[in-house]
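Colleague: I am new to reading protein models, and I would like to go through this one with you slowly. Could we look at how its parts pack against each other?

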Amino acid sequence: MQKLWGFIVGIALMTSCITTHSLPFVTVSDGHFVRNSKPYYYVGTNFWYGAILGSEGQGGDRERLCRELDAMKEVGIDNLRILVGSDGERGVKTKVEPTLQIAPNVYNDTILAGLDFLLMEMCKRNMVAVLYLNNSWEWSGGYGYYLEQAGCGKAPRPNEDGYDAFKEYVSQFATNEKAHQLFYDYVRFIINRTNRYTNRKYIDDPVIMSWQIGNEPRAFKPELLSAFEKWLAETSALIRSLDPNHLISVGSEGSWGCENSLDSWRRICSDKNIDYCNIHLWPYNWGWAHRDSLTENVQRACENSKEYIDCHLTICDSLHKPLVMEEFGYPRDGFVFTPGSPTRGRDSYYRYIFGLVTDNMQKGGAFAGCNFWGWGGYAKPRHIQWQVGDDYCSDPAQEEQGLNSVFSADSCTLRIIRNSIEEINKHK
């Protein structure tokens, strides 16, 4: 009887997601997010591999996907930042696969089906998605893929050729019009899509909170910032012309991703088509915390994070736009990667960041949300670096699997997340 009731409820939810077109979109009003006619502040997560799990092809596991969504919902998470799909050839070390965009205008339909399925399942759970369309980094193709297709030769791999060679190559993207046009073709294809399971056009789907131009887009050279800003403005204008309903965001790290130019970040965020601002924050990657003293460095990481957030928040206040810290992570104690291993440093850092969101909400401030990186859930890492056939964690293929993942076994971290979300909901 219980299984039958669960089936009936599931059918009812799916029918609702297929037939209801009056669900509210997340909007921005008077410098704040609004959802369901209420201010929307949130603690969300990064779940970049969601569309792959939703596939019935290579890498797909719909049973696990639904378990992960249920687990996130159980702790209160309703905001997921997701990669639409990776690009280019398979079989490349440190790169996510399977890829969605195999070649220009050639798409892996199983990943498209996976994205459709994911959005339908998120609708059932009253979740929203931030979908990013590009990546400056190699792990999903992105810049390097488009430059290869534009005739710039083989993209260097940072793990093989060094970061300097990679940076020099991908810096061409800011000014390469052919690469831009190939990307715009992809943007049009995705945004004009209709979900095969709900028969709802993507532009009409309120499960999508925001189209995001890319993951950590960068110019990679100070002298290219002007061209970089021009490309972002062109992309946001294109998205707006295709979709008048959804929010648009950049996916920026903040000044760190603008060659340390806060002025450049201000100009990017002031664009009329950009609805809210993003920053990312990585205390370990940025040298604020060290692998042999992660717990000892938490206070410095918190202080530096607060300073970084505040200087960007001042700009958001002047622009009257919300700010989301949509990526941040902190390694496990002792720099180990095993699910369930101690996370005292991470837990302290998370608690501090979540508290900033709560404090801002109580003051009516612009710091509206954060997405921790990221959700590892039920994954069981098998290798230090991801290999084909391994479970997907939140850590992309070029990083140690488990480095920044929150697993279902991390009970202390999950309790902090749940308590923080409950505190936010209490004050809505």
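Colleague: Which residues in H4 do Arg-62, Leu-65, Cys-66 and Leu-69 in H3 meet?

Modeller: Please keep in mind that this is a predicted model. On the H3 side the contacts are made by Arg-62, Leu-65, Cys-66 and Leu-69, and the residues they meet in H4 are Ala-113, Phe-117, Leu-118, Glu-121 and Met-122.

Colleague: Why are the buried residues of H10 on the same side of the helix?

Modeller: In helix H10, which runs over residues 262-270, the buried residues are Ser-264, Trp-265, Ile-268 and Cys-269. They lie on the same side of H10 because they cover an arc around the axis of only 130°.

Colleague: And which helices and strands do those buried residues of H10 pack against?

Modeller: The partners include two strands, S11 (277-281) and S12 (323-328). The helices they pack against are H9 (225-242) and H11 (298-319).

Colleague: Is Ser-405 buried or exposed?

Modeller: Ser-405 lies in the loop between strand S14 and strand S15, and its side chain is joined to that of Asp-395 by a polar contact of 2.5 Å. Leaving out residues up to four places away in sequence, Ser-405 also touches others, including Arg-332, Arg-346 and Asp-410. Because a residue under 20% relative accessible area counts as buried, and Ser-405 has 0%, the answer is buried.

Colleague: Which residue has its backbone oxygen 2.6 Å from a polar atom of the side chain of His-180?

Modeller: His-180 lies in helix H8, residues 177-191, and counts as buried at 1% relative accessibility. Beyond its neighbours within four places in sequence, His-180 is in contact with several residues, including Ala-174, Thr-175 and Trp-231. The backbone oxygen at 2.6 Å belongs to Phe-173.

Notes:
Residues are numbered from 1 along each chain as its sequence is written. This is a predicted model: local features need pLDDT of at least 70, side-chain atom pairs count only at pLDDT 80 or more; totals for chains, interfaces and linings use all residues. Side-chain values use heavy atoms; hydrogens and water are left out. Buried means under 20% relative accessible area, exposed over 50%, partly exposed in between (1.4 Å probe, protein chains only). Helices (H or I, at least four residues) and strands (E, at least two) are DSSP runs, numbered from the N terminus. The arc is that of the directions from the helix axis to the C-beta atoms. Contact means heavy atoms within 4.5 Å. A polar contact is a pair of N or O atoms within 3.5 Å; within protein, one must be able to donate a hydrogen and the other to accept it, and residues adjacent in sequence count only if both atoms are side-chain atoms.
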